[in-house]
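Here's a quick briefing to go with the model you have open. Have a look at it first, then work through the notes below.

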Amino acid sequence: MDRELILALSGVTCRYPGAPRDSLQGVSLEVRAGEFHAVLGPNGSGKTTLVRAALGLVRPAAGRVEILGRPARGWSRRDLARVVGVLPQREDNLFPQRVRETVLLGRYPYLSLLGGVRAEDRAAVERALVVCDAAELADRWLWTLSGGEYQRVRLARALAQEPRLLVLDEPSASLDLRHEMELFELVRALVDGQGLAALVVTHHVNLAARFADRILLLAAGRPAGAGAPGDVLTRETAERVFAWPVSIAPFEGRPQMIPLRQRKDAL
Amino acid sequence: MKYVLLAVAAAVTLGAAVILGPADVPLRDIMSSPIVWQLRLPRAVLAFLVGGALGVSGVALQALVRNPLADPFLLGLSGGAGLGAVAAIALDLPGPWALPLAAFVGAVGAMALVYRLGLMGGAELDPRILLLGGVAVGAFAAAITTAIVSLAQATELRNAFLWLWGGFSGASWTTVLVILVYAPLPLGVLAAAARPLDLLALGEEPAQYLGADVRRLKRLVYLAASLLTAAAVAVAGVIGFVGLIVPHLCRLVWGRLHRALFPTAFLAGGILLAAADTLARTVVAPRELPVGIVTALLGVPVFAFLLRRWTVS
């Protein structure tokens with residue numbers, strides 16, 4: 001039986017005003033419930049544009065984007081925020097705040113204009129904190145957190161939205177090995193345990209290959225490969241996309257990519 | 001708790017504003033004195049309302065341009081209001097409402113110009129463009145103001161400059177009524193935007209992912225906060241620092257969530273300005289200081305302290 005289709009892009013082409021070429025060209029993608037989908041590609045290959053198009057922030061010049069069968073740009077931001085939780089690459093912390101307040105922001109799409117925070121909102125916040133192993137951080141100030149703790153808190157905020165789909169844009173860019181592994185294992189556990197769909201944009205080819213069910217590989221805005229990690233990450237494709245010689249070796253049934261040294265001489 | 005505290009402080013401030021003054025009104029005559037009913041009370045109430053409006057407007061604009069050093073007058077409003085006021089005086093427009101109306105028109109004109117600049121080239125009220133546009137429009141208006149001043153009769157312009165520094169000597173129940181009728185709409189718009197403004201502090205893209213309609217939010221907040229400031233400047237001149245300091249004080253004490261920040265900033269702004277106005281009309285009695293000078297003298301040290309805190313943390 002097919003699992004429920006959450007996010008579907010077909011033939012999406014995007015170009016920013018004044019840009020010399022399309023940021024995305026003819027990209028298709030399907031993310032289903034209970035599926036971990038990774039998007040890989042070098043800098044400037046269109047990964048973040050893909051996220052923006054998928055979430056209705058960028059209007060595609062061609063192609064269709066649908067979330068739960070409805071066009072992405074047809075959703076109100078509030079309704080969409082009840083279905084999709086996002087960890088953007090960057091965000092500001094203009095004014096000091098505590099962890100629990102931050103996670104509570106994830107409940108804003110559920111709060112009415114005049115009403116206050118309800119018991120069910122507080123319960124959702126606590127649940128999200130526990131799931132992300134951040135309950136003991138709840139009363140800390142945000143600025144006192146380490147990079148790994150901060151990402152867990154932001155993931156808790158996204159989970160407080162009670163979404164069907166999680167979108168993570170380079171979630172482990174500044175994390176050390178342990179925190180990176182913890183984050184990917186947590187997302188994988190959420191996908192397996194709660195049937196969430198996950199779309200994870202990352203530079204980490206090997207982590208994507210280990211954790212993802214499916215991979216979309218982008219090169220200069222075009223799809224360079226899509227499917228199961230073992231089918232996408234071949235030596236030829238990887239060398240072409242990343243413009244560097246690599247060796248591919250299997251590990252626990254998944255391909256792992258090892259970049260080769262090119263220069264053996266001394267200067 | 002915080003509202004009880006602020007309400008008590010507001011009552012004390014308004015009480016002091018009514019009791020203190022250059023004319024000696026015995027305490028037992030307070031309730032029957034026309035000086036109190038026709039002069040001190042409407043003046044204190046107006047100062048309170050204007051201070052509240054500036055406090056709320058400051059909170060909203062700091063959240064909108066996501067800059068903690070923003071102030072309601074940063075976006076060219078004071079320049080536009082000054083130009084309107086000086087033009088009204090230079091043209092000798094008649095009637096008691098000519099000056100405030102001209103200042104209001106000037107402020108709204110400047111606001112419209114900055115707003116238009118902020119939408120140019122599809123830039124959806126980019127904070128950087130708003131700030132630069134505000135400074136540019138303000139400078140332009142100031143240049144024209146100075147040109148008019150340099151060509152006009154000297155005696156009348158003293159009034160214009162004193163007016164620009166702000167004051168409530170012209171306060172009456174009519175002015176209070178005008179503000180009471182005018183302010184609820186922009187205040188209501190801002191109150192309804194309280195939660196989305198919490199989200200906007202994260203940045204525009206994260207705010208949208210958490211459910212805020214950022215495009216609409218920014219337009220509404222910009223217009224409401226500017227119209228609130230324009231009304232304040234029309235009835236009381238340019239009163240600096242209230243809209244800068246009050247938001248920061250309230251944030252320090254009661255946190256950064258706008259549902260609490262708006263009402264506390266309204267009360268604290270009202271208290272600060274009513275107190276400053278009482279000082280302005282009593283310390284050099286029977287003459288008066290422009291109230292903007294009092295708020296600046298109180299405000300600059302606080303501002304310096306805040307800047308220091310900011311750089312330390």
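Keep in mind that this is a predicted model. Chain B is helices through and through: 14 helices and 0 strands. Chain A brings an open sheet of 4 strands, and the two chains touch, with 20 residues of chain B in contact with 19 residues of chain A.

**Chain B overall**
- Reading from the N terminus, the elements go α-α-α-α-α-α-α-α-α-α-α-α-α-α.
- The radius of gyration of chain B comes out at 19 Å, close to the 20 Å that the globule rule gives for 313 residues, so the chain is as compact as a globular protein of that length.
- Of its 313 residues, 51% count as buried.
- Among contacts in chain B with a separation of 6 or more, 77% are between residues 24 or more positions apart.

**A helix pair in chain B**
- Two packed helices are described by the angle between their axes and the distance between the axes.
- For H12(B) (residues 242-254) and H13(B) (residues 258-282), that's an angle of about 125 degrees, with the axes 9 Å apart.
- Angles over 145 degrees count as roughly antiparallel and 65 to 115 as roughly perpendicular, and H12(B) and H13(B) are therefore oblique to each other.
- The crossing of H12(B) past H13(B) is right-handed.
- On the H12(B) side, the residues making this contact include B:Val242, B:Val246, B:Leu249 and B:Trp254; on the H13(B) side, B:Ala260, B:Ala265, B:Gly269 and B:Leu272 are among them.

**The sheet in chain A**
- The strand order is S2-S1-S4-S5, and the pairing is antiparallel.
- Why do S2 and S5 of chain A each have one side without a neighbour in the sheet? Strand S2 (24-32) and strand S5 (70-71) stand at the edges with a single partner strand each, so one side of each is left open.
- Strand S1 (residues 5-14) and strand S4 (residues 62-67) of chain A are joined by 5 bridges.
- A:Leu9 has A:Val65 in S4(A) as its bridge partner.
- Helix H1 (residues 47-54) of chain A packs on the sheet and touches S1, S2 and S4 of chain A. The direction of H1 makes about 120 degrees with that of S1(A).

**Where the chains meet**
- On the chain B side, the elements giving two or more residues are helix H9 (194-200) and helix H10 (204-209).
- Which element gives the largest share of that side? That's H10(B), with 4 residues.

Terms used: Residues are numbered from 1 along each chain as its sequence is written. Chains are lettered from A and ligands numbered from 1 in the order in which they are written. This is a predicted model: local features need pLDDT of at least 70, side-chain atom pairs count only at pLDDT 80 or more; totals for chains, interfaces and linings use all residues. Two strands pair if DSSP finds at least two bridges between them. Two residues are in contact if their C-beta atoms, placed from the backbone, lie within 7 Å. Axes are lines fitted to C-alpha atoms, for helices over the stretch in contact, and angles run from 0 to 180 degrees between N-to-C directions. The radius of gyration is taken over C-alpha atoms; the globule rule is 2.2 Å times the number of residues to the power 0.38. A residue is buried if 20 or more other C-beta atoms lie within 10 Å of its own, exposed if 12 or fewer, and partly exposed in between; C-beta atoms are placed from the backbone. Angles under 35 degrees count as roughly parallel, over 145 as roughly antiparallel, 65 to 115 as roughly perpendicular and the rest as oblique. A crossing is left-handed if the near helix is turned anticlockwise from the far one by less than a right angle, and right-handed if clockwise.
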